[in-house]
Amino acid sequence: MEHDSRKLIRVGPGSIALTIPKKWVSLMGLKVGDVVDIYFDGKKLSAVPRRRVSIDEGIQIFIDATEGNISAAVHKLTAAFVEGITKVRVHCSQDVLRKLTTELRKVIPDFIVVGSRGRADLYDIVFTSYDVELNDVVNKVVNLVVETVRNLSAGKEVVNYLISEFIRLYNVSLRIAKTKVMEAYGEEIMNIIDAIVLLSHIRELVNELQNYMMLTDDSTLIRELNSTIEELTEAVLNSVITNNIDSAVKHIDACEELKHKLYSMDISERIAVMVERILDKLGNIAEISVRACIRNKACRCRHFYPKV
C-alpha cells in the first residue's frame with residue numbers, strides 16, 4: 001500500500017479540493033471527467049472510482065436482513081467480499097445494522113456503511129479494494145500463523161485476537177486472488193476452480209466419515225447423531241447441486257450449532273472430535289455454494305438480486 005500527503009486546495013467560495021498523485025490515477029485507469037464516489041464514516045474519507053458496469057464488475061447485491069438473521073447476512077456479505085463485489089445494499093433496521101457490522105468486522109478488515117437518502121432501512125456496505133501483491137498478503141498470513149503459535153501460552157485473549165486477524169487477512173487474500181484470476185481468465189475458470197475445491201472437500205468428507213464409522217457404536221445417542229449427520233450431509237450436498245443459497249446458509253448455521261453441543265453430549269471426546277471434523281467439511285462445502293451463487297449472478301431467491 002502506497003502513501004502520500006497532500007494539502008487541501010480552495011476551489012471557489014464553497015469547496016475544497018484534494019489532488020491525487022498522477023501515478024495512482026494512471027494505475028487505476030482513470031482520466032479527467034471520470035466520477036469518483038467519496039465516502040465519510042465520521043473518522044476517515046475513502047474514494048472509490050465509479051466504473052462502468054460490465055458483466056464482471058459493478059454488480060450491486062441486495063440482501064434482505066429484516067428478519068434479523070445476523071449469521072446468514074454475515075455469511076452472504078463475506079461471500080460477496082471474497083468474490084470481489086464492491087457494494088452490497090442491505091435492507092434492515094438500525095439495530096440489526098449495528099449488530100451486523102460488529103460481526104462483519106470480525107471477518108472483514110475494512111468497509112464503509114452509507115445510509116440511503118430518504119430511507120432509514122436501506123444501507124450500502126462498500127468494500128475496500130486492495131491494490132497490493134497477493135504474495136505480500138500471503139506472507140503476512142503465514143507470519144501471523146507463526147506469531148499465533150508462538151503466543152499459545154500468552155492467554156486466550158491474545159490468541160483470539162491473532163486468529164481474528166488471520167481470518168480477516170485470509171479473506172483479503174481470497175478476494176485479491178479471485179479478482180486477479182477473474183480479470184485474467186474470466187468467470188468460467190472460477191467455476192472450474194470451485195469444482196476442483198468442491199471435489200477436494202468431498203474427498204476429505206468421505207475420509208472423515210469413514211474414520212468416524214470405525215469408532216461408533218450402536219447406542220441410541222449415536223444412532224440419533226448419525227441420523228443428524230446424514231440429514232446435514234444430504235442437505236448440504238443438495239444445496240450445492242441445486243445452487244440453493246438459503247439452504248446452504250441454513251445448514252452452515254446448523255453445523256455450527258451442532259458443534260457447540262457436541263462436547264456436552266454423553267459421547268467420547270474422540271467421537272466428538274471426529275464429528276466436529278465432519279461438520280467443518282460440510283461447512284466448507286456449503287460456503288462454496290454461497291460464493292458461487294453470488295459470483296455467477298444467477299440466484300433469484302429472495303435475498304440476492306443482481307443490479308439491473
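Contact here means heavy atoms within 4.5 Å. The model is predicted.

Select residues 134-150, helix α4, together with residues 156-185, helix α5. Show side chains on both. On the α4 side of the contact are L134, V137, V138, K140, V141, L144, V145, E147 and T148. They meet V159, L162, I163, E165, F166, L169, Y170, V172, S173, I176, A177 and K180 of α5. Sorted by class, the contact between α4 and α5 comprises 15 nonpolar, two polar and four charged residues.

Now hide the side chains and look at the axes. Those of α4 and α5 come within 9 Å and cross at roughly 160°. Angles over 145 degrees count as roughly antiparallel, so α4 is roughly antiparallel to α5. The crossing of α4 past α5 is left-handed.

Next, keep α5 alone. This helix has 30 residues, and the span from its first C-alpha to its last is 43 Å, close to the 44 Å expected at 1.5 Å a residue. Colour its buried positions: V159, L162, R168, N171, V172, S173, L174, R175, I176, K178 and M182. Charged side chains are among them, including R168, R175 and K178.

Step just past the end of α5 to G186, where phi is positive, about 90°.

Finally, zoom out to the whole protein chain. Nine helices and eight strands are present. Of the 308 residues, 38% are buried. Among contacts between residues at least 6 apart in sequence, 67% join residues at least 24 apart.

Conventions:
Residues are numbered from 1 along each chain as its sequence is written. This is a predicted model: local features need pLDDT of at least 70, side-chain atom pairs count only at pLDDT 80 or more; totals for chains, interfaces and linings use all residues. Side-chain values use heavy atoms; hydrogens and water are left out. Helices (H or I, at least four residues) and strands (E, at least two) are DSSP runs, numbered from the N terminus. The expected span of a helix is 1.5 Å times one less than its number of residues. Buried means under 20% relative accessible area, exposed over 50%, partly exposed in between (1.4 Å probe, protein chains only). Axes are lines fitted to C-alpha atoms, for helices over the stretch in contact, and angles run from 0 to 180 degrees between N-to-C directions. Angles under 35 degrees count as roughly parallel, over 145 as roughly antiparallel, 65 to 115 as roughly perpendicular and the rest as oblique. A crossing is left-handed if the near helix is turned anticlockwise from the far one by less than a right angle, and right-handed if clockwise.
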